[in-house]
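Good morning, everyone. Please look at the sequence and the structure as I go through a few of the local features.

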Amino acid sequence: MVVCGLGRFGKSLALELMKEETEVLGIDADADKVQNVSGRLTHAVVADTTKIEVLRQLSVHEFTRAVVGIGSDIESSILTASSLVEIGIPNIWAKAISNSHARILTQIGVHHVTRPEHDMGIRVAHLVRGRMMDYIEFEDGFAMVKTTPPAHIVGKRLSDSKVRQEYGVTVVAIKRPGEGFTYATAETIIRPGDTVIVSGLARDTERFSEAS
């Protein structure tokens, strides 16, 4: 994996990949940032990722996955992403800091565009209401939520609770106090103190959580 840009986002991502035993080539034009991860990544190099000839010299074109972690310098982010597209990296992820930045990255051929601050803001907005323990939203308004079940379904089998008909969500997994999560089935009985993970449209998971 190649990580271009070793700021807070790129550095955290690269180090997490290393924990998962993924070899990482980290590149940044800032020598201090490279020095900060020296010895912690497979390779860390001071270089200008906006230049195709530099990427070729570093054999970046031989990698199948790359991440552009550059955020604040939009021009460098776009030029780096464009260079990675041009040398044929088949899977490119890039961080964007605005809608227009994300749109440009998509238009030049980046396969996966993420907005960490924006996405985290949405997630925290749901959590601070105090109704959810965790919240993950996917594209097209689909979400998965960790929450407590509504009182009126406690003591019932999921097949009898009519959760899907009433809320439009599916109970995916369940956790008993002191135990790990297990997949839920139609025969699963919701008990007091249980935690559930449900999936469905964001507005439906919100409504289910509010009923808790």
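Predicted model: local features only at pLDDT ≥ 70, side-chain atom pairs only at ≥ 80, totals over all residues.

F138 is partly exposed, with a relative accessible area of 40%. F142 also counts as partly exposed, at 35% relative accessibility.

The other pair is Y167 with F208, whose ring centres lie 5.3 Å apart with planes at 90 degrees, so it is edge-to-face. This pair links distant parts of the chain, 41 residues apart: Y167 belongs to helix α8 (residues 163–167) and F208 to helix α9 (residues 202–210). Are these two residues buried or exposed? Y167 is buried at 6% relative accessibility, and F208 is buried at 0%. The cut-off for buried is under 20% relative accessible area.

Let us turn to helix α5, residues 99–107. Its buried residues are H101, A102 and L105. Seen down the axis of α5, they fall within an arc of 100 degrees, so they line one face of the helix. As a general point, an α-helix has 3.6 residues a turn, so residues three or four places apart point the same way. The buried residues of α5 pack against α4 (74–86), β5 (91–95) and β6 (112–114). On the face turned away from this buried side, α5 carries the exposed residues N99 and Q107. Just after α5, G109 takes a positive phi of about 115 degrees.

Note on methods
Residues numbered from 1 in each chain as written. Heavy atoms only, no water. Buried < 20%, exposed > 50% of the residue type's maximum accessible area, 1.4 Å probe, protein only. Helix = DSSP H or I, 4+ residues; strand = E, 2+ residues; numbered from the N terminus. Arc of directions from axis to C-beta. Contact = heavy atoms within 4.5 Å. Phe/Tyr/Trp six-rings, centres within 6.5 Å; stacked < 30°, edge-to-face > 60°.
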